Structure formats: C-alpha cells, structure tokens
Amino acid sequence: MAITRSDVEKVSLLARLQFSDSELDRLTGELAQIVEYVDHLSEVPTEGIEPMAHAVEVHNVFVSDEVMPSLPRDKALANAPRHNDRAFLVPPVLG
Amino acid sequence: MSSHSSLIESSATAQLELLMRGDLFSVELTQAYLDSIASRDANVGAFLRVEKDRALAQAASVDKRRQSNKPLGKLAGLPVAVKDVLCDQDTITTCASRMLENFRAPYDSTVVAKLKAADAILIGRTNMDEFAMGGSTENSAFQITRNPWDLERAPGGSSGGAAACVAADMAPLSIGTDTGGSIRQPAGLCGVVGLKPTYGRVSRFGLVAFASSLDQVGPLARTSQDAALLLETIAGHDLRDATSLDRPVPAYSQSVAEPLAGVRIGLVREHFAEGLDSEVASAVRDAVAVYESLGATVKEISLPHSKHAVATYYVIAPCEASSNLARYDGVHYGHRTDEAEMLEELAAERKALEAAKDEVGLSRLDSSLVRMYRKSRSEGFGAEVKRRIMLGTYALSAGYYDAYYLKALKVRRLIRQDFDEAFREVDLIAGPVTAQTAFKIGEMVDDPLSMYLVDLYTVSANLAGIPGISLPCGFDKSGLPIGLQLLAPPLEEERLLRGAHMYEQATDWHQRRPEI
Amino acid sequence: MSQLYTTVIGLEVHVQLATKSKLFCRCSTQFGAEPNTQTCSVCLGLPGSLPVMNRTAFDLSLKTAVALNCVIPKFTKWDRKQYYYPDLPKAYQISQYDLPMSSAGWLEISDEKGSFEPKRVRITRAHLEEDAGKSIHDEAAGKADSEIDLNRTGTPLLEIVSEPDLSSSAEAKAYLQELKLLLTHIGVSDCNMQEGSLRVDANINLHIDTPEGKIATPIVEIKNMNSFRAVERALDYEAPRQFRVWQETGQKIGEAPKQTRGWDDSAGVTRGQRSKEESSDYRYFPDPDLVPVLVTDDQVAEARKSLGELPADLRNRFVQEYGLSAYDASVIVNQGQGVTNYFEQVARESGDAKSACKWVTQDILRLLKDGEQEINAIGVSAANLAGMISAVNDGKLPKPRAKEAFELMLSTGSTAQQAIQELGIEQVDESALVELCRELLDKNPRVVADVQSGKVQAIGALIGQAKKLNPNVDPGRFREICLELAMESSSSE
Ligand SMILES: [Mg+2]
Ligand SMILES: [Zn+2]
C-alpha cells in the first residue's frame with residue numbers, strides 16, 4: 001500500500017504533529033520506503049494464527065479496591081506548563 | 001591515580017567484597033568514579049547529569065551505617081548509573097527529549113526504588129536515543145555519546161550512555177532498557193555485558209514507555225557475575241505493573257559460577273546469511289568452538305520467521321509508541337509552545353485564507369487547541385520520534401489496522417513458536433549481536449531503514465519475550481569489540497548468566513580496556 | 001399524526017460503579033472534592049505510570065452484566081481509544097472495543113398505567129471503561145482559559161448500550177427507570193444523575209411509511225440530557241423535528257452523516273453540535289499495559305447467586321405472596337429497595353399486607369414525594385407502622401383515629417402504643433357503650449321514632465353528643481348499637 005503525501009498530511013493531524021512542506025516531502029519518501037519494507041509481512045501465511053498482543057501469557061491481574069492517599073495538589077500541578085494553583089490551564093477550548 | 005585506575009577496573013563483585021570487609025569506603029569508590037567521569041566523560045558524553053553531591057552523600061551514609069553495623073542493602077556502596085528513562089522521585093527524567101527537559105517525576109520507578117533500597121549509589125543519568133528510539137544514541141536531544149573504543153564511532157543505542165559509561169570505567173554497573181536490542185546492541189558495540197531479561201521479569205513501573213509490550217529493564221556490567229548481582233537486585237514481581245511476572249527471583253549471583261555441563265547450543269542457520277560481517281561471523285564461530293571445548297554440543301537450528309522480525313517489530317513498536325507518546329501534548333506536563341506566538345500565527349493564517357476567500361482552507365484551519373498540541377509536540381520531539389509516531393499512527397488508522405498491526409501480531413506469534421520449537425532441541429541459542437561492529441557517527445542518520453536493520457538479530461527476543469545476553473567475544477581488525485548473543489527460554493536468565501560466565505572463564509575478551 | 005412515522009430509539013448509558021477507588025489507581029472516587037486533589041501519577045497519565053485493574057470494578061461489572069441477562073464471554077481484554085482532549089491526560093481512554101466483557105442481554109420494561117405494552121429491550125453490550133476528567137470552559141464567549149480538573153479521571157464506568165428497541169419517549173424513560181432501579185437494587189451504582197453517576201446519550205431516528213415503502217431518516221445522537229425528564233422532553237422534541245427536516249429535505253439514512261445534537265433544557269430544543277475533526281478514527285488497539293481477563297462459568301454462577309431477588313422477581317412475589325395487585329406491586333417495587341423493604345416489614349409484622357400496602361402507597365409515598373425525605377429518615381419506622389395497623393385490627397385503636405395517631409407518631413417517632421396513650425384513646429368497653437346508647441336514645445325519643453319510621457340517618461344527631469361525652473367512642477360501633485336498640489324497642493312494643 002503506497003503511502004502518499006496526502007496520507008502523511010492526514011496522519012500528521014491525527015498524530016497532532018505539524019510539518020513544513022519540505023519536511024512533509026522528505027517524510028513521505030522515508031515512510032514510503034519503510035512501509036514498502038513492512039509490506040512484506042503480507043506474504044507470511046497466518047491463517048488460524050492467534051494475534052499475540054502480549055509477550056507473556058498472564059491473565060486476571062487485579063488489585064483490591066482500597067483508597068490510598070493522592071498527590072498533594074501542588075505536586076499534581078508541579079509539572080504543568082500553566083496552572084492557577086487549582087487547575088491545569090489551556091487556551092480557550094470553546095470559540 | 002594508579003590506585004584509582006586499578007580500583008575502577010576491578011569488577012563490581014570485587015569492589016563489593018572490599019566494601020563489605022571494610023577495606024574500602026564507598027566515598028572512596030564513588031569519588032574514584034566521579035574522578036573518572038570528570039576526566040573522561042568530556043570525550044565520551046555518556047552522562048546527561050552526574051549526581052555528584054547526592055552520590056557522595058549516599059556513599060557517606062552507607063559508610064557510616066556500615067561502621068555502626070547497621071543493616072545494609074545488597075549493593076551497599078556500589079555506584080550504579082541509570083539510563084535517563086527511569087523515574088527517580090523529584091529529580092529530572094528527560095528521556096533525552098526536549099519534551100521532558102524539565103520534568104520531575106513525583107515518584108520513584110520500581111527499579112530505582114529497589115536500587116535505593118539496596119543502598120546503591122545513584123551516580124548519574126546516562127544518555128540515550130530520545131525515548132529509547134534508535135540504535136546509536138545520536139537521537140538524543142542533548143548530546144552525542146561516543147564509543148570509548150573509537151571516539152569517531154557510535155556506542156550503539158538506545159542505551160548508548162549506559163554501555164559507554166561501563167566500557168570507559170565511569171561506573172561499575174548501569175541500568176539500561178531494551179525494546180528491540182537497546183541493551184544488547186550497545187553492550188556488543190562497546191564490549192561489555194548486557195542482559196535483557198524475560199518480559200515481565202523486571203517491573204516497568206516508572207519506566208517511561210516506548211513500546212510497552214516489548215520494553216524491559218536490564219543490567220549492563222563488565223562481567224556476567226556483576227550483571228547477575230544487578231539483575232537479582234532489580235528483578236521481581238511488582239503489584240504496580242500488571243504485566244510483571246509473579247515468580248521467585250533466583251540468586252543469580254550465587255549460581256552464576258556453576259558451569260552448564262553438556263549444554264546444547266543452537267546456531268541459527270538464518271543468522272549466517274548475507275550481510276553478516278566475516279570478522280563477526282568468525283568471532284561467533286570461534287566462541288562456539290570454545291563452548292564445544294567446554295563440553296557443549298552444537299546443533300544447527302532454524303528460526304524460519306526470523307527474516308520477518310524487523311518488519312514485525314517496526315509495525316508493533318511504532319504503533320505502541322504512537323499511543324504511548326500521545327500523552328506528551330503540553331497540557332499537564334512537558335513542553336508547551338509559546339501560546340502568544342501560536343495565536344498570532346493562527347490569526348495570520350486565518351487572515352490570509354479570508355483574503356483569498358479560501359473556504360476549504362478556513363474549514364480546515366486548526367483550532368487554537370489543536371494548533372497548541374501540534375506545535376508543542378513538533379517542537380518537543382526530534383525527527384526519529386516523529387517518524388515513528390507517524391508510522392504507528394498510520395498503521396493503526398482506519399483501514400490499515402488489519403494489514404499492519406493485526407498481521408504483525410500474528411507473525412509475532414509465529415516468531416515465538418519458532419523459539420518454542422528450537423528450545424525443544426537446544427538449551428541456548430548463540431549468534432551475533434549485530435552484523436557489523438560499531439559504525440561511524442553520522443553514517444546512517446539519513447537512512448532510517450538501514451538503521452532499523454541493525455536490530456536484525458536482537459528484535460526477535462523482544463517480540464518473543466525471551467531473555468538474551470550480549471557478551472564480548474573478540475575484536476575486529478580495527479580494534480572494535482564484537483558481541484556474542486545468547487538467548488534462552490522464558491525465565492532462564494540463570495542459564496544465560498551461567499553460560500556467559502563459563503565462556504568468560506575460558507577467555508579474556510572481557511578484560512580488555514579501551515584507551516581513553 | 002401518530003401514524004405518520006415510528007420513532008426508533010437506542011440508549012447509551014454510562015453508570016459510575018460504586019467503588020471506593022478508581023479503575024486503575026487507588027485515588028478516591030468521592031464526589032465533590034476540590035479540583036485536582038484526587039489524582040496521582042497513574043490518573044494524571046504521568047510518564048512511566050501503569051494501570052492495574054480494580055477487582056471490585058470488574059466484579060460489579062460482572063454482576064451487572066448477569067443481572068442484564070448478558071452473555072459473558074470467557075475472554076475479555078482492554079483497548080485504548082485514542083483522541084486528544086485536555087481532560088484526557090493519556091490522550092487515550094482505556095475501554096473495551098471488539099471483545100467486551102458482556103453482550104446480548106435484555107431488560108424488560110412495562111408501564112403500570114398501561115401507556116405501552118410490556119417489552120423486552122435488547123442490550124447490545126455492556127463494557128467497562130475509565131472516565132475522563134472535567135473541562136471548565138469560560139462561559140462568556142470562550143475568551144478566558146479553560147480549567148482542567150482531573151479528579152474524575154479514571155473513575156470506573158460501565159457503558160450499557162441498548163439496541164434501537166425503544167419506540168417512544170415513555171418507553172425510553174421506563175427503560176432508564178427500570179435500569180436505575182435494577183442497578184441501585186443490586187448495589188453496583190448509586191445512579192445519581194446530579195453527580196454524573198448516570199449519564200444518558202440517545203440515538204434516535206424515524207421510520208416513515210411512504211408510498212414508495214418504509215424509509216429511515218438519518219440517525220441523530222442527543223447529548224447533554226441531565227435528568228430522565230430531560231431525556232423524555234428531548235426525544236419528544238426531536239422526533240417531530242426530524243419529521244419536519246425529512247419533509248423539507250427528503251434525506252434518508254446514509255445520505256447525511258450521523259449528527260450530534262445537544263439538548264438545551266431551558267430553551268427546550270436540541271441544537272446541532274460542531275462535529276469534532278476526524279473524530280471517528282479512534283485507532284483502537286489492545287492496551288499492552290493491561291492483561292486480559294478470563295471468566296469461568298463458576299464466576300458467572302457466583303455473580304448470579306450474589307444478585308438475590310431482582311425487582312422483577314419482587315413484583316411477582318408481592319402479587320403471589322401478599323395478594324397485591326400488579327399495579328400496587330409495581331408502585332412499591334419501583335420506589336427502590338428502601339421502600340420495598342419497608343413495605344415487607346410492615347406487611348410481615350402486622351400480618352395485614354393489604355393495609356400495609358394502603359398505608360405505604362398512600363401516606364408513606366406522599367411523605368417521600370413532599371418532603372424529599374429518605375425512607376429510612378421517616379418518623380414512623382416500619383415496626384411502628386406495623387404496630388399501628390395491628391392496634392387497629394385488634395380494636396385498640398379506632399380506625400377513624402388511626403390517621404391522628406399516625407401524624408403523632410410521625411412527628412414524635414413514638415410507637416402506636418405511646419400515641420394511643422398520648423391521645424388519651426382508651427378502649428370503650430362494649431357494655432359502657434351500650435349504656436351510653438341507651439341513655440342518649442332515652443333522652444331523644446324523637447330520634448328513636450325517626451329511626452323506627454325508616455329514617456336511619458337520624459342517628460347521626462346522636463354521634464356528636466356521644467363524642468362529647470366520651471371522645472373514645474367509635475362512631476361506627478355506636479351507630480350500630482343505637483340502631484339495634486332502637487329497632488329492638490320498636491319490635492317489643
Ligand atoms: Mg464510552
Ligand atoms: Zn490516581
């Protein structure tokens with residue numbers, strides 16, 4: 001499946017990345033080359049093979065429902081680029 | 001200085017014995033490594049930050065407690081360097097990324113907590129490829145790390161700083177992480193021992209994720225005995241990591257010296273195909289001959305799907321990475337773009353589109369929030385990270401999931417089944433770590449695909465979840481180290497370490513030192 | 001008008017599970033805390049943090065799925081649903097995509113007033129997922145910064161999706177009421193809509209009969225309905241709106257993208273919402289940080305056993321065991337477990353289910369409605385009400401004064417016995433009553449004559465006099481005796 005420049009532009013929005021025109025051109029070429037390489041997977045017969053999402057077969061891992069102390073608010077906000085001592089701040093989401 | 005150099009050239013196990021006997025103070029040992037860093041790291045660039053004051057304070061505390069016969073941890077007084085990808089409470093963890101340049105985790109990763117509990121001296125944080133993506137440590141946002149054996153060459157990666165600091169005697173032990181070979185490959189290229197444990201053997205809690213189903217933390221050291229010591233300190237079940245294995249941790253450092261009698265070693269037919277450097281191939285064959293002389297039987301085996309391992313890896317790892325790195329959006333932590341500038345830029349774009357009456361362009365114009373995300377992320381991440389995020393986002397997007405991600409998960413199972421099959425006939429699989437010895441810095445930066453192919457021999461272990469170790473097995477004509485990789489079935493780290501140790505006892509590659 | 005089209009409604013309900021801590025970390029789920037005081041490295045999505053599943057959240061989900069008659073697969077897993085929003089710190093929500101923990105269930109609904117036929121509403125699936133945080137936007141034109149509070153992030157939710165089996169707002173409301181009743185009854189959620197413990201989105205479109213055959217209009221999703229009443233109103237608004245749009249545009253399903261509309265409760269209208277860009281590409285994939293869950297038949301059987309009697313079972317039993325009408329049984333059970341238990345205690349202890357039902361459905365329910373009181377906060381305990389009913393049946397409390405006693409018990413919390421004493425009610429002994437009747441009849445020969453000539457109501461004039469002489473007189477009994485005596489005297493003459 002050949003990847004096009006317009007695919008790359010669409011994916012850049014999905015991934016919340018921004019590229020200049022020349023970056024988009026270069027990236028399209030690089031990704032096309034990698035995708036072409038990866039496309040060889042389609043040649044491997046996999047009928048009846050279960051997908052393997054985890055490296056180990058572990059199931060049913062739970063912890064019990066007990067409240068533990070949360071972070072103090074100043075700690076929770078400490079790494080925020082912008083906050084007002086009670087909440088994280090972002091530019092207006094509406095409008 | 002000469003007493004210093006003999007001290008820092010001795011093994012961590014020997015240093016620990018001196019410390020325990022009271023013949024060596026941790027402050028002395030720590031200072032010796034700090035001196036080594038001061039004189040060598042300007043050339044090597046292994047450390048992003050050296051925690052001098054904290055290290056000396058920790059060392060003094062250990063010495064004091066030892067003098068008053070207080071109980072001490074397993075590594076009491078031994079310096080350990082940590083890859084800058086494991087959270088250490090209230091100190092900076094950057095993952096060698098601008099994105100996290102100022103990030104301070106409010107908690108300890110389990111591995112760091114275990115090191116602290118073992119009274120290890122946390123001497124500094126080592127350089128790496130940004131978010132562990134790369135095989136040369138050239139993708140660090142902050143600095144280049146050089147191979148101590150040839151400063152023009154790369155140390156490998158992504159744990160390049162972790163391998164280089166041990167190779168150059170700037171730390172006796174270090175912690176790395178391995179997602180596709182990131183411990184074993186730099187260990188091989190720097191001539192040290194590096195072990196990637198079974199997936200789930202070491203907790204990933206507090207390890208900043210690259211590809212969650214592949215990432216493992218592991219030790220780098222001068223010898224397999226030292227690696228055993230560090231592994232038994234950091235391994236074990238962790239309730240905070242659902243994928244961690246609830247299995248007892250063997251006393252690796254006790255059993256490591258027992259040779260494997262009559263061990264059956266498999267040589268993978270597919271490993272000796274085109275592309276493998278002849279000097280590397282012969283070093284590996286020589287190493288296998290050493291095993292034979294020690295009573296091992298050698299058998300050729302096949303891993304028929306191994307040729308698809310890199311393709312499988314470069315679907316699964318970027319898919320998981322694209323998701324794991326989505327959280328770096330400049331809202332709750334990490335880099336955020338200059339908002340005023342961003343708003344100005346958007347306003348100017350809107351004006352231009354309005355002037356041109358470009359309705360389509362206007363309807364597509366980012367909202368201020370979307371633009372904040374896009375700019376923050378594009379400024380915070382380097383080229384390789386962005387490339388992989390793009391690749392993973394593409395492979396998971398509507399219409400491509402089955403062809404790429406799902407297909408890769410199925411091939412992954414076939415790769416694992418190949419190993420299960422092989423380990424019915426052999427106890428260990430031996431082979432090269434990389435096809436070539438250390439490459440020149442800058443040689444592959446413009447060719448991502450060739451860079452990816454460097455992982456050819458290492459990624460299968462991550463896909464299958466099995467443990468692997470890299471150990472020095474020779475040098476090429478240019479004096480660059482060659483690594484031997486041993487692979488074992490899940491949870492057989494003990495077998496790997498014993499196998500590595502018996503080889504070390506019969507050879508002296510691990511005793512060579514680079515001249516810096 | 002009503003025959004021009006049929007309305008087709010499916011509901012998506014998110015309920016917050018009644019756990020103490022969050023789904024993947026140990027922060028409290030308590031409602032109403034100061035912003036960002038219930039967060040940790042996991043629910044803040046800090047680098048390196050990992051989720052571990054809350055066992056109780058899974059158990060409660062399993063219990064719900066069984067109560068909803070769902071099929072429980074043996075294998076279930078967790079997926080990441082990926083989108084960017086400031087209140088979603090990891091930029092993905094841990095949810096379930098292709099292998100949810102339950103599917104293909106049903107819930108029976110009916111209306112005691114008979115406005116629609118009882119029906120079985122199919123449940124497509126119920127799956128466990130984590131909640132997002134809260135964005136507080138600047139109301140005035142979006143000029144100021146938005147504030148992000150992550151206290152709610154990671155709270156366990158069960159998303160229950162119905163098939164489009166509902167065909168009116170009344171059915172939708174009944175479905176929600178029955179669902180809420182069931183979930184609160186089995187204790188998996190408090191379903192408090194004000195606190196966001198129960199949230200409803202509705203998918204609605206129309207099937208219209210046209211000369212060319214039956215056609216379907218484009219599906220609209222309605223959000224932002226904050227009460228069952230709002231759901232009812234929004235659906236009642238939306239159906240005719242869609243019909244008007246169809247008349248204007250003729251657009252059929254598939255000819256327009258699925259639209260999202262928000263309900264404006266004060267204006268009483270739904271309004272189109274700006275669709276999020278490329279919103280549908282969530283890039284779901286299995287979460288590598290969480291391991292799958294295997295559910296055994298034994299666990300399912302255990303969950304089924306833990307349910308006990310469900311509301312539908314209770315309604316049947318009240319009809320069978322206590323002889324209530326189906327209507328009364330529904331009225332009681334629909335009030336929830338508090339009232340149901342209250343009724344049962346009164347019925348058992350008084351041995352008079354009919355009276356218990358009458359008192360509960362009339363007086364008690366009125367109190368609950370008026371005073372917004374909780375059943376267990378009401379002044380008359382079930383034991384005391386049962387005592388009062390017994391006192392009436394034993395003749396210790398004249399029926400006409402029962403109400404008076406009830407009011408007193410209500411305000412003072414006293415027993416029937418205490419109230420009877422307080423009110424000075426003493427049982428008037430039968431011979432004393434006969435004596436009194438005789439005395440009054442003797443004094444009022446006129447009344448006797450009237451009665452004898454067939455004007456029975458003349459006795460009424462004596463009742464007031466009797467009550468003045470002895471307030472404990474039971475007027476009914478007094479009347480009976482007087483009549484008897486008056487007739488006796490007539491026949492003896
Ligand atoms: Mg949902
Ligand atoms: Zn939390």
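**Note on the interfaces and sheets of a predicted model**

1. Across the interface of chain B and chain C there is one salt bridge. The model under review is predicted. The pair in question is B:Arg204 with C:Asp289, whose closest N and O atoms lie 3.1 Å apart. In general, side chains of opposite charge can pair when their charged atoms come close.

2. The contact between these two chains draws on 39 residues of chain B and 30 residues of chain C. Together they bury about 2800 Å², with 60% of that area on carbon and sulfur atoms. Polar contacts also span this interface: 15 residue pairs are found, both members being at pLDDT 80 or more. On the side of chain B that touches chain C, the elements giving two or more residues are H11, H14 and H15 of chain B. By class, that side has 23 nonpolar, nine polar and seven charged residues.

3. Chain C contains an open sheet of three strands in the order E5-E4-E16, with antiparallel pairing. Strand E5 (92–95) and strand E16 (285–286) of chain C stand at the edges with a single partner strand each, so one side of each has no neighbour in the sheet. Strand E4 (residues 79–82) of chain C is joined to E5(C) by four bridges, and the two run antiparallel. Within this pairing, C:Lys81 has C:Gln93 in E5(C) as its bridge partner.

4. Which element of chain B lies across E4, E5 and E16 of chain C? The element is H11(B), which runs at about 60° to E4(C).

5. The contact between chain B and chain A takes 71 residues from chain B and 53 residues from chain A. The area buried between them is about 5500 Å², and carbon and sulfur atoms give 68% of it. In chain B, the residues that lose the most area to chain A are B:Arg374, B:Met390 and B:Arg413, which together make up 14% of what that side buries.

6. Four salt bridges are counted between chain B and chain A. In one salt bridge, the side chains of B:Asp90 and A:Lys75 meet at 2.6 Å, N to O. Seen from chain B, the elements that give two or more residues to the side touching chain A include helix H11 (309–324), helix H12 (339–355) and helix H16 (402–422) of chain B. The largest share comes from H16(B), with twelve residues. The residues of this side divide into 36 nonpolar, 16 polar and 19 charged.

7. A search of the whole structure gives 72 salt bridges over all chains. B:Arg387 forms a salt bridge with A:Glu30, with the closest N and O atoms 2.9 Å apart. Because B:Arg387 lies in helix H15 of chain B and A:Glu30 in helix H2 (residues 21–38) of chain A, the pair joins two chains.

8. Chain B has an open sheet of eleven strands, in the order E1-E3-E2-E4-E6-E5-E10-E11-E9-E7-E8, with mixed pairing. Its edge strands are strand E1 (47–50) and strand E8 (297–301) of chain B, each of which pairs on one side only. From one strand to the next, the twist averages 30°. Strand E4 (residues 173–178) and strand E6 (residues 216–221) of chain B pair in the antiparallel sense over six bridges. Here B:Ile175 has B:Pro219 in E6(B) as its bridge partner.

9. Two helices of chain B may be examined against this sheet. Helix H4 (residues 52–67) of chain B packs on the sheet and touches E1 and strand E3 (121–126), its direction making about 160° with that of E3(B). Helix H5 (residues 110–117) of chain B also packs on the sheet, touching strand E2 (79–83), E3, E4 and E6 of chain B, and its direction makes about 150° with that of E3(B).

10. Two points of backbone geometry deserve a check. Most residues other than glycine have a negative phi, and most peptide bonds are trans. B:Phe131, which is not a glycine, has a positive phi of about 50°. A cis peptide bond joins B:Gly157 and B:Ser158, with omega about 10°. B:Phe131 is found in the loop between E3 and H6 of chain B, and B:Ser158 is found in the loop between E3 and helix H6 (160–167) of chain B.

Note on methods: Residues numbered from 1 in each chain as written. Chains lettered and ligands numbered in written order. Predicted model: local features only at pLDDT ≥ 70, side-chain atom pairs only at ≥ 80, totals over all residues. Heavy atoms only, no water. Contact = heavy atoms within 4.5 Å. Buried area = accessible area lost by both parts, 1.4 Å probe. Nonpolar A, V, L, I, M, F, W, Y, C, P; charged D, E, K, R; others polar. Pairing = 2+ DSSP bridges. Axes fitted to C-alpha atoms, helices over the stretch in contact; angles between N-to-C directions. Polar contact = N/O pair within 3.5 Å; in protein donor to acceptor, adjacent residues only side chain to side chain.
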